[in-house]
Amino acid sequence: MIPSLTGLLPQEITDKLSLDINFRGKQIFKWIANGAETFDDMTNLSKELRSHLNKTSKVYSTRIKQTLVDPDGTIKLQIELFDNRCIETVLLTDADGRKTACVSCQAGCAMGCAFCQTGMIGFGRNLEAGEIVEQFFHLEKKAGKLDNIVFMGMGEPMLNLAAIKKTIDILCSKEGRNLSKRRITLSTSGIISGIYDLADNGPFLRLAVSLTVANEDLRKQLMPVTNTNKLQDLKNAIKYYTEKTGIRCTLEAVLIHDINTNDKAAKEFINFAKGIDVHFNLISWNRVPTLPFREPTKQEINYLMGKLEKAGISVTLRTKRGRTIGGACGQLGRSYAASDNT
Ligand code: SF4
């Protein structure tokens, strides 16, 4: 178990610290949600208790190792975990000033998507809830109150769903940070069992599915998850999720030159979207020097968007952010690889 308190709910804090009054656990939980990193910050606890807790426990288990800021305002934090592994977390600010934490849920990733740097470094381990919560609070200390959180950083959230659910319980608790569940998006490469789990057991989140291509054979090459999560089954799961939750899913596609921007790809996307209520979110592939792909041209992007719009599909193009600091979609993991701790 991680030696910190950030991954615990009030009663669990009370139990872990063997506090004599339940209320103390609530006080500490609230302090953490308000940014306290040490017991010394918790001024409504007695000096004796603070001194005792300082000797026996600690609030955080992670620390910021490096902060990088892109000229577009994107912030990327390299965060060191208690076992010396490193992960990355990113703060994105949109044109309207809304701030979104893009957090990692695993150190590395086992999914092996061919176009993603994180996929190249392989799997380290699942993160504990506290390690995910701390990413959010580290970013809030840098940028003030955040509006949204997306589970879209390093790793596949559906393969660490228990920790994701705990993170949500903590961040959405009325006794603490009180984040709205409507502000939360989970992005999956297409783990069908996880989609059914969320639909049946909650929490009901905004769901984004990284589709990338809607051709089974090509998707198997680009996203090996397709070998065990077939496209038709994925489509059925998306339909089920929307019917159960009333939430329209987003299909994401990283656009890669000559791969998924042509007429054939457009027809396959349109066919996949038939009969399900989805929105397409396109993003141009962000260059990773070691990978054998090219960014799409503007003409390619416009062509695909035009085709989807003409077919009556709701589609947006996501702005690229954080590219100069390796903080853009698909670029996370440089520091993890550099830390050489797999
Ligand atoms: S795109 Fe997501 S699921 Fe695929 S390898 Fe990268 S981090 Fe993992």
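**Helices, fold and ligand shell**

Reply: Helix H5 is mostly covered, with 11 of its 15 residues buried; a residue is buried if 20 or more other C-beta atoms lie within 10 Å of its own, exposed if 12 or fewer, and partly exposed in between, with C-beta atoms placed from the backbone. Helices (H or I, at least four residues) and strands (E, at least two) are DSSP runs, numbered from the N terminus. This is a predicted model, in which local features need pLDDT of at least 70 and side-chain atom pairs count only at pLDDT 80 or more, while totals for chains, interfaces and linings use all residues. Residues are numbered from 1 along each chain as its sequence is written.

Me: What span should the 15 residues of helix H5 have at 1.5 Å a residue, and how far apart are its end C-alpha atoms?

Reply: The expected span of a helix is 1.5 Å times one less than its number of residues. For H5, residues 129-143, this rule gives 21 Å, which agrees with the distance between its end C-alpha atoms, 22 Å.

Me: Which residue follows H5, and what is its phi?

Reply: The run of H5 covers residues 129-143. The residue that follows H5 has a positive phi, near 80°, and is Gly 144.

Me: Where do the buried residues of H9 lie when seen down its axis?

Reply: In H9, the buried residues are Leu 234, Lys 235, Ala 237, Ile 238 and Tyr 241. Seen down the helix axis, they fall within an arc of 160° (that of the directions from the axis to the C-beta atoms), so they line one face of H9.

Me: Which exposed residues does the face of H9 turned away from its buried side carry?

Reply: The buried residues of H9 pack against elements including helix H7 (192-201) and strand S10 (249-255). The face turned away from that buried side carries the exposed residues Gln 232 and Glu 243.

Me: What radius of gyration does the chain have?

Reply: The globule rule is 2.2 Å times the number of residues to the power 0.38, and the radius is taken over C-alpha atoms. With 342 residues, a compact globule would come near 20 Å, which agrees with the chain's 21 Å.

Me: How many residues of each class does the shell around the ligand have?

Reply: Residues surrounding the ligand include Cys 109, Met 111, Gly 112 and Glu 156, where near means a C-beta atom, placed from the backbone, within 6 Å. Ala, Val, Leu, Ile, Met, Phe, Trp, Tyr, Cys and Pro count as nonpolar, Asp, Glu, Lys and Arg as charged, and the others, Gly among them, as polar. By class, the shell has five nonpolar, five polar and one charged residues.

Note on methods: Two residues are in contact if their C-beta atoms, placed from the backbone, lie within 7 Å.
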